[in-house]
Amino acid sequence: MGGDGKVFTLAEVSQHSSSKDCWIVIDGKVYDVTKFLDDHPGGDEVILTSTGKDATDDFEDVGHSSTAKAMLDEYYVGNIDTSTVPVKAKFVPPSSNKAEPNQGKSSDFVIKLLQFLVPLLILGLAFGIRNYTKAKTPSS
């Protein structure tokens with residue numbers, strides 16, 4: 001490893017975001033990958049879009065080989081001060097509460113009730129209008 005374990009803030013790492021000076025953060029470690037940009041199989045733009053942030057997810061999502069992960073050691077310059085990296089919001093699935101299924105049943109009941117009552121109300125209204133207008137017409 002080339003680094004001496006120096007600790008960098010995210011702001012410091014973010015200053016290195018060009019093709020002439022490119023640093024990235026992966027798994028809490030800072031890497032100067034400037035020399036690797038031209039050799040990267042996905043092109044330099046892929047790496048450049050991952051600068052200035054924690055690129056761990058970007059790196060892992062691609063599914064890099066163990067060889068690619070081992071290559072990182074060559075570019076290591078230090079560690080990131082984790083207190084300067086924004087905390088990612090984690091997805092929390094809705095809690096499974098026993099009240100929720102009953103609420104679903106309740107809303108299903110209301111929908112079925114309305115599906116039955118609304119046509120009856122329309123039919124009743126039509127019948128009432130018919131009888132009302134029939135009563136007003138003069139009989140001969």
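The model is predicted: local features need pLDDT of at least 70, side-chain atom pairs count only at pLDDT 80 or more, and totals for chains, interfaces and linings use all residues. Residues are numbered from 1 along each chain as its sequence is written, and side-chain values use heavy atoms, with hydrogens and water left out.

Start with the sheet. Strands here are DSSP runs of E, at least two residues long, and helices are runs of H or I, at least four residues long, both numbered from the N terminus. Two strands pair if DSSP finds at least two bridges between them.

β2 is joined to β3 (residues 21–26) by 2 bridges, and the two run antiparallel. Ser17 has Cys22 in β3 as its bridge partner.

Next comes His16. This residue sits in the loop between α1 (10–14) and β2 (17–18). His16 is buried, with a relative accessible area of 17%. Buried means under 20%, exposed over 50%, and partly exposed in between, using a 1.4 Å probe and protein chains only. Leaving aside residues up to four places away in sequence, His16 touches Asp21, Cys22, Trp23 and Thr51. Contact means heavy atoms within 4.5 Å.

Finally, look at Lys35. Its loop runs between β4 (29–32) and α2 (44–48). Lys35 is exposed, at 74% relative accessible area. Lys35 and Cys22 are 13 residues apart along the chain, and their C-alpha atoms are separated by 8.6 Å.
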